[in-house]
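Morning, everyone. Let me put the model on the screen, and then I'll walk you through it.

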Amino acid sequence: MKKKIYIVLAILIILFSVYYYWQNRYVELRPVLVNEDLREPALFSETFHNQLFKIAKPNEIPPNFYKNIKWVLQRENQDYIVKNGVIYIRYKYMNDYEMIWNHTTKTNNLEWFKSQRSMDSINGEDNNTEELDRIIKGFRD
Amino acid sequence: MAADCLQWWLDGTGFTKNIDVKWLRGNNEVIVAENVNIERFEERLGLENFDKKLTKNGDFAEYKNELQRQFVDGVFRELYYVSGTSTITSKANFKITRVKDNFVLSGTIIHYWWDRYDWHKGANTYINSFGYINDSDALLVEKHCGARPYEMRSQWQQSFNKTFQSGFFGGLSIKLK
């Protein structure tokens with residue numbers, strides 16, 4: 001009987017470890033857009049919410065995505081790593097397409113960057129001022 | 001409302017149509033989407049470590065951010081026939097002030113609901129007890145009868161004034177609802 005309990009416990013631990021590894025492994029961050037190609041009404045859209053979005057194809061990547069994404073991730077307290085110039089985030093975050101879509105749209109949202117600049121100014125945080133000014137200027141150029 | 005929006009499209013002015021907030025928020029999916037954005041603001045506020053940044057009585061910080069939520073209404077609800085898939089953009093503007101050992105959060109979230117009343121070649125719309133309708137039929141009405149796509153929008157504001165305490169192990173558990 002004891003042996004069976006140990007086997008069940010061992011299987012549970014292994015399954016949990018695999019699940020934990022799978023969710024927390026780093027995967028490449030890619031831009032996400034609204035899925036305009038959805039040709040049928042979305043069913044169970046709350047449960048399968050990712051169907052409303054799609055990973056951007058190379059020709060669909062928003063212009064400022066790679067230029068501004070690190071700044072957006074830092075501001076959103078999103079954990080990420082960079083290896084050989086490629087940004088990686090944990091799978092559990094990448095699998096939340098709507099959240100990545102939010103990050104993607106922010107990389108091209110001048111008003112959002114201006115609001116962050118104004119917020120930092122009021123909060124007396126001047127560490128990012130130059131970087132933010134550079135990003136805002138980048139939109140004008 | 002669905003008939004009203006259809007008529008607006010048939011009239012072909014292309015003008016933006018303001019959708020009644022009371023009617024819109026009467027749809028459960030709108031409230032669910034609104035709450036998703038509020039919960040995400042709660043998570044983000046919790047990560048800002050205001051209890052460490054605001055150390056003295058009277059210290060304050062501003063928090064500004066925006067989030068978007070996409071949602072689809074159920075085929076049995078009228079909103080589905082108004083917009084199908086739509087978006088709520090929520091813009092938060094908060095001030096967090098330390099008052100002795102408490103933290104007072106005041107400010108607003110402005111929710112913008114928006115969608116475009118339009119049709120896409122190759123797409124279908126399901127009408128309950130009728131079946132699938134091709135969007136290309138609607139595009140023919142646009143081509144030959146002068147109907148035009150237009151923007152729909154609505155806007156409402158929620159005000160907040162809440163007091164929080166730092167937890168035993170530090171950190172703020174902020175609940176806006």
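One definition before the details: two strands count as paired if DSSP finds at least two bridges between them. Keep in mind that this is a predicted model.

Start with chain A. Strand 4 and strand 5 (residues 86-90) of chain A pair in the antiparallel sense, over 3 bridges. Look at Lys83(A): its opposite residue is Val86(A), in strand 5 of chain A.

Now widen the view. In chain A, 3 strands form an open sheet, in the order 1-5-4, with antiparallel pairing. Which strands stand at the edges? Strand 1 (26-28) and strand 4 (81-83) of chain A do. Each has a single partner strand, so one side of each is left without a neighbour in the sheet. From one strand to the next, the twist averages 40 degrees.

On to chain B. Chain B has 6 helices and 7 strands. Reading from the N terminus, the order is α-β-α-α-α-β-α-β-β-β-β-α-β.

Next, overall dimensions. The C-alpha trace of chain B spans about 70 × 30 × 25 Å along its principal axes. Of the 177 residues in chain B, 23% are buried. Take contacts in chain B between residues at least 6 apart in sequence: 69% of them join residues at least 24 apart.

What about cores? In general, nonpolar side chains tend to be buried together in soluble globular proteins. The largest nonpolar core here has 11 residues, among them Phe41(B), Leu67(B), Ile96(B), Phe103(B) and Leu172(B). Helix 3, strand 3 (85-99) and strand 4 (102-117) of chain B each give two or more residues to this core. Strand 3 of chain B supplies the largest share, 3 residues.

Zoom in on Ile96(B). Leaving aside neighbours within four places in sequence, Ile96(B) is in contact with residues including Phe50(B), Leu54(B), Tyr63(B) and Leu105(B). There is also a second, separate core of 8 residues, which includes Ile19(B), Leu24(B), Phe71(B) and Trp113(B).

Last topic: the interface. How many residues of chain B are in contact with chain A? The count is 20, against 16 residues of chain A. On the chain B side, helix 3 (28-47), strand 2 (60-72) and strand 5 (124-127) each give two or more residues. Strand 2 of chain B brings the largest share, 10 residues. By type, that side of chain B divides into 8 nonpolar, 7 polar and 5 charged residues.

That's the tour. Thanks.

Terms used. Residues are numbered from 1 along each chain as its sequence is written. Chains are lettered from A and ligands numbered from 1 in the order in which they are written. This is a predicted model: local features need pLDDT of at least 70, side-chain atom pairs count only at pLDDT 80 or more; totals for chains, interfaces and linings use all residues. Two residues are in contact if their C-beta atoms, placed from the backbone, lie within 7 Å. Helices (H or I, at least four residues) and strands (E, at least two) are DSSP runs, numbered from the N terminus. Ala, Val, Leu, Ile, Met, Phe, Trp, Tyr, Cys and Pro count as nonpolar, Asp, Glu, Lys and Arg as charged, and the others, Gly among them, as polar. A residue is buried if 20 or more other C-beta atoms lie within 10 Å of its own, exposed if 12 or fewer, and partly exposed in between; C-beta atoms are placed from the backbone. A nonpolar core is a set of buried Ala, Val, Leu, Ile, Met, Phe, Trp, Tyr and Cys residues joined through C-beta atoms within 7 Å. Axes are lines fitted to C-alpha atoms, for helices over the stretch in contact, and angles run from 0 to 180 degrees between N-to-C directions.
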